[in-house]
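Subject: Structure for your review

Dear colleague,

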Amino acid sequence: MRGFGFALVRTARSRAELQTAQRGRPSDLAQRFSHSAAGPGRPSFGIAFDIDGVILRGRSPIGGAQRAIRRLYSEDGTLKIPFLFLTNGGGVPEHRRALELSQLLGVDISPTQVVLGHSPYRELVNRFEDDLIVAVGKGEPAIVMSEYGFRKVLSIDEYASYFKDIDPLAPFKTWKVGQTESYLSAKVHPSYDVYSERVKGVFVVSDPVDWGRDLQVLCDILSTGGLPGTEKGDQPPLYFAADDLEYQAAFPSERLGMGAFRIALESIFNQISYHPLKYTSYGKPNPFVFKNAAKILEKLVMSMYPDSQTLKEVNECQFSAIYMVGDNPKVDINGASKAGHPWSSVLTRTGVFRGKDNDPQFPADVVCLISECIVPL
Ligand code: G3P
Ligand code: MG
């Protein structure tokens, strides 16, 4: 088996040292800072890849990403290096995203290797199991929540469709014409008694599509204690899968993300309500996300090397390094730095970050192109 190195490891954070390291070609760096996976034991390191701005822009793989990911597999297609995707994006169940990524990247990615912004929502099932909840965002937010085990879920598209005139601008939204999905196909008769049953929780699963309508309907739900058109009441719990102000996507400059939507909702809600908006945000840079990712990588390595000494406690992290490869300093790099050992950060220049050197506010351990990140030894 050919040796394998993750090129850019634990370089010093000072600018001078970083520049010296970057002057070397990736292969030089690989020889200086490499962890071997060719030995008899398990690899001593794992990798977490951000998706938007690192692996993909829109639906197109970023130059070098396919090659870099394929190098983590043996010739026969088996996984050689434990890695996962750690993204703040979402909107489809993990198994669907794994399939999409497998097709786009030409390798076999398992659902356990996909951690989405909303993945932690499954931990909240017990609290809301039989309560009516509303799921917001692009894709199939209600299907995501149902698959996690929530029993009474409506997408905001469907929920809004039961309240006549809730969105006074709906007749002017000619862009809806041609959409075959959820909004127009909403059932005429609600599955639940939405006119008397209060919404007990709101989950922003992915980037909201119709901001104007969603801001209106969420203000209605949140200010009335879960029943639009009625008196003011206590705010039901509100969750955001992530808090990214901006993300890369396919357009040349950054696009407004879920964090921007949160700011819009919070600003408006705080003007129309007696109490400030209460909410919980998940996603990177929350250290909990990195802890969880480390656990998943431990489980993954145990399944790759069932006979090795890895049969110890999963809670005990045995990696000497886990690399977070991301494009957003505030989210990916800040998160990895806050998570501490064994996390190291690798900042790519293919997305939100475009600087020449390092990010001044959230400096990464290494800055590179995705194609330079992973080199065979
Ligand atoms: O909507 C996705 C975006 O907010 C971030 O995605 O993969 O860069 O964490 P990612
Ligand atoms: Mg990104």
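Helices, of at least four residues, and strands, of at least two, are DSSP runs numbered from the N terminus. In those terms, Pro285 sits in the loop between strand E13 (280–281) and helix H11 (287–304). Please note that this is a predicted model.

Backbone features

The bond joining Lys284 to Pro285 is a cis peptide bond, with omega at about 10°. A cis peptide bond also leads from His341 to Pro342, where omega is near 10°. Pro342 belongs to the loop between helix H12 (329–339) and strand E15 (343–348). Asp165 is located in the loop between helix H7 (156–161) and helix H8 (182–185).

Helix packing

Helix H9 (residues 211–223) packs with helix H10 (residues 258–272) at an angle of about 45°, and their axes are 10 Å apart. The crossing of H9 with H10 is right-handed. On the H9 side the contact involves Trp211, Leu215, Leu218, Cys219, Leu222 and Ser223, which meet Phe261, Ala264, Leu265, Ile268, Phe269 and Ile272 in H10. By class, this contact has 11 nonpolar residues, one polar and no charged.

For H11 and H12, the axes come within 9 Å and cross at roughly 75°. H11 and H12 are therefore roughly perpendicular to each other. From H11, Pro287, Val289, Phe290 and Lys291 meet Gly335, Ala336, Lys338 and Ala339 of H12. The residues of the contact between H11 and H12 divide into five nonpolar, one polar and two charged.

Ligand site

The shell comprises 14 residues, of which Ile51, Asp52, Thr87, Gly89 and Tyr247 are the closest. By class, four residues of the shell are nonpolar, six polar and four charged.

With kind regards

Note on methods. Residues are numbered from 1 along each chain as its sequence is written. Chains are lettered from A and ligands numbered from 1 in the order in which they are written. This is a predicted model: local features need pLDDT of at least 70, side-chain atom pairs count only at pLDDT 80 or more; totals for chains, interfaces and linings use all residues. Axes are lines fitted to C-alpha atoms, for helices over the stretch in contact, and angles run from 0 to 180 degrees between N-to-C directions. A crossing is left-handed if the near helix is turned anticlockwise from the far one by less than a right angle, and right-handed if clockwise. Two residues are in contact if their C-beta atoms, placed from the backbone, lie within 7 Å. Ala, Val, Leu, Ile, Met, Phe, Trp, Tyr, Cys and Pro count as nonpolar, Asp, Glu, Lys and Arg as charged, and the others, Gly among them, as polar. A residue is near a molecule or strand if its C-beta atom, placed from the backbone, lies within 6 Å of it. Angles under 35 degrees count as roughly parallel, over 145 as roughly antiparallel, 65 to 115 as roughly perpendicular and the rest as oblique.
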